[in-house]
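Work through the exercises below with the sequence and the 3D structure at hand. Each task is followed by a stepwise solution.

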Amino acid sequence: MRRRNGATAVAAILLATGCGGAEEPAGSGREAVRTEIRAVVAEAGMPESKLPGPGDESGTATPADERERVAVRAAACSAGWQYIGPFVDDSRGKYEKTLTGLAGKGWKQSGKRFEQPVGEKGDGTAVQVVLKKEGWTLYARHNPSRVLGADILSFTATEDTCMKQFTEQEIDLLSGSWGEESDEGSGP
């Protein structure tokens, strides 16, 4: 069964695609959220990221299909920072320090912390924490992927009001894009 939390699906798509380029929603405070997240990440000693952050202008071509158009609209609801690259010394400690820094800025944990072992040989633990603040939901993720030989770290915030503009069909389009679900029943 598909999750009904559209923001989770969109955050995953934004991390995977690095989509951006849409105009900022009026009154969202997106730039302030982006600046706050990036300042806390830098204070925690995270590496410099060469990737566009969620919601950043990526300079990509015009979206080719409906899924890409919806992803661009979703990017307009997002702000954050992401890193996919060589393993970072003490990446989990820096992740935890970032969470502490965000808490110091008023972000409050929402729900349980999710942890799951990764790799066949217990190569590490993937973790996700959801935080909320003033109409924003932030997904903080760390996945030490031995298969990819990389650390995957992201702090993606989505504006709750902005996310309400998406229909269930659009959320399904984003979340079903991994090929895990059939197209059956996804018609108009």
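**Aromatic rings and a buried serine**

Arginine 92 lies over the face of tyrosine 95, 5.9 Å from the ring centre; a charge sits over a ring if NZ of Lys or CZ of Arg is within 6 Å of the ring centre and within 35 degrees of the ring normal. The model is predicted, so local features need pLDDT of at least 70 and side-chain atom pairs pLDDT 80 or more, while totals for chains, interfaces and linings use all residues. Residues are numbered from 1 along each chain as its sequence is written, and side-chain values use heavy atoms, leaving out hydrogens and water.

**Exercise 1.** Classify the ring pair of tryptophan 81 and tyrosine 83.

Step 1. Rings of Phe, Tyr and Trp (its six-membered ring) pair if their centres lie within 6.5 Å; planes under 30 degrees apart count as stacked, over 60 as edge-to-face and the rest as tilted.

Step 2. The centres of tryptophan 81 and tyrosine 83 are 6.4 Å apart and the planes are at 10 degrees, so the pair is stacked.

Step 3. Tryptophan 81 also pairs with phenylalanine 155, at 6.2 Å centre to centre and 40 degrees between the planes, which is tilted.

**Exercise 2.** Is serine 49 buried or exposed?

Step 1. Buried means under 20% relative accessible area, exposed over 50%, partly exposed in between (1.4 Å probe, protein chains only).

Step 2. Serine 49 has 17% relative accessibility and therefore counts as buried.

Step 3. For comparison, tryptophan 81 is buried at 8% and phenylalanine 155 at 0%.
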